[in-house]
Amino acid sequence: MSYDDNPTSPVFRIDVSAETEAGVPVSNEELTVGLLRQLVVSQQQQTKLLTELVQQNAAMHKQRAGELQQWKDANPRLSRSCRRAAETLSEVQTEFLQTLTEEIDDSGDHLAEGEYMLNEFIDRFGPRMAHLNGILQVLAQLGTGEPIAQQQQQ
């Protein structure tokens with residue numbers, strides 16, 4: 001019984017026999033050239049997309065920097081205060097890091113051996129470090145540079 005005599009719809013049949021049409025034989029060189037052309041087209045598309053992505057990121061960064069500069073121009077005293085606070089907090093952070101590293105030096109073996117000691121260490125220093133870094137970053141961003149109004153007066 002052949003497949004042609006089968007009343008089953010062709011939608012539900014899959015022909016897995018070898019292709020009977022003999023196509024034009026393609027040489028290895030032609031195949032390689034064709035694949036390289038496809039590769040070049042794909043790379044050109046990737047380059048175009050990456051260029052657009054870089055442009056969007058640059059535009060967002062430029063907009064954010066402009067907004068930050070507007071805030072600094074509107075609040076020059078506060079911006080200077082943020083800069084001084086960031087400098088002071090940076091010194092506090094340095095002392096905190098010194099304490100943290102001394103603690104690690106003193107109890108390094110216990111930290112490596114026991115999970116309880118490691119968890120205690122992380123609970124003790126982790127949140128402070130994270131919050132201190134966050135606050136320091138905000139103050140540093142708000143306090144960097146001089147407002148444009150100040151620069152023009154000098």
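Of the 154 residues of the chain, 12% count as buried (under 20% relative accessible area with a 1.4 Å probe, protein chains only; exposed is over 50%, and partly exposed lies in between). The model is predicted: local features need pLDDT of at least 70, side-chain atom pairs count only at pLDDT 80 or more, and totals for chains, interfaces and linings use all residues. Residues are numbered from 1 along each chain as its sequence is written, and side-chain values use heavy atoms, with hydrogens and water left out.

The chain holds four helices and zero strands (DSSP runs numbered from the N terminus; H or I of at least four residues for helices, E of at least two for strands). From the N terminus, the order is α-α-α-α.

Helix α2 covers residues 76-113 and helix α3 covers residues 115-143. The two pack at an angle of about 165°, with axes 9 Å apart (axes are lines fitted to C-alpha atoms over the stretch in contact; angles run from 0 to 180 degrees between N-to-C directions). That makes α2 roughly antiparallel to α3 (over 145 degrees; under 35 is roughly parallel, 65 to 115 roughly perpendicular, the rest oblique). The contact of α2 with α3 comprises 20 nonpolar, seven polar and six charged residues (Ala, Val, Leu, Ile, Met, Phe, Trp, Tyr, Cys and Pro are nonpolar; Asp, Glu, Lys and Arg are charged; the others, Gly among them, are polar).

The end C-alpha atoms of α2 are 52 Å apart, in agreement with the 56 Å that its 38 residues should span at 1.5 Å a residue (expected span is 1.5 Å times one less than the number of residues). α2 bends by about 75° at S107 (the angle between axes fitted to the seven residues ending there and the seven starting there). S107 is also buried, as are S79, C82, A86, L89, Q93, F96, L100 and L111 of α2. R80 lies in α2 and counts as partly exposed, at 27% relative accessibility. The C-alpha atoms of R80 and T144 are 8.3 Å apart, although 64 residues separate the two along the chain.

α3 has 29 residues and reaches 40 Å from first to last C-alpha, close to the expected 42 Å. A kink of about 30° lies at F125, shortly before the proline P127. F125 is buried in α3, along with F121, M129, L132, L136, L139 and G143.
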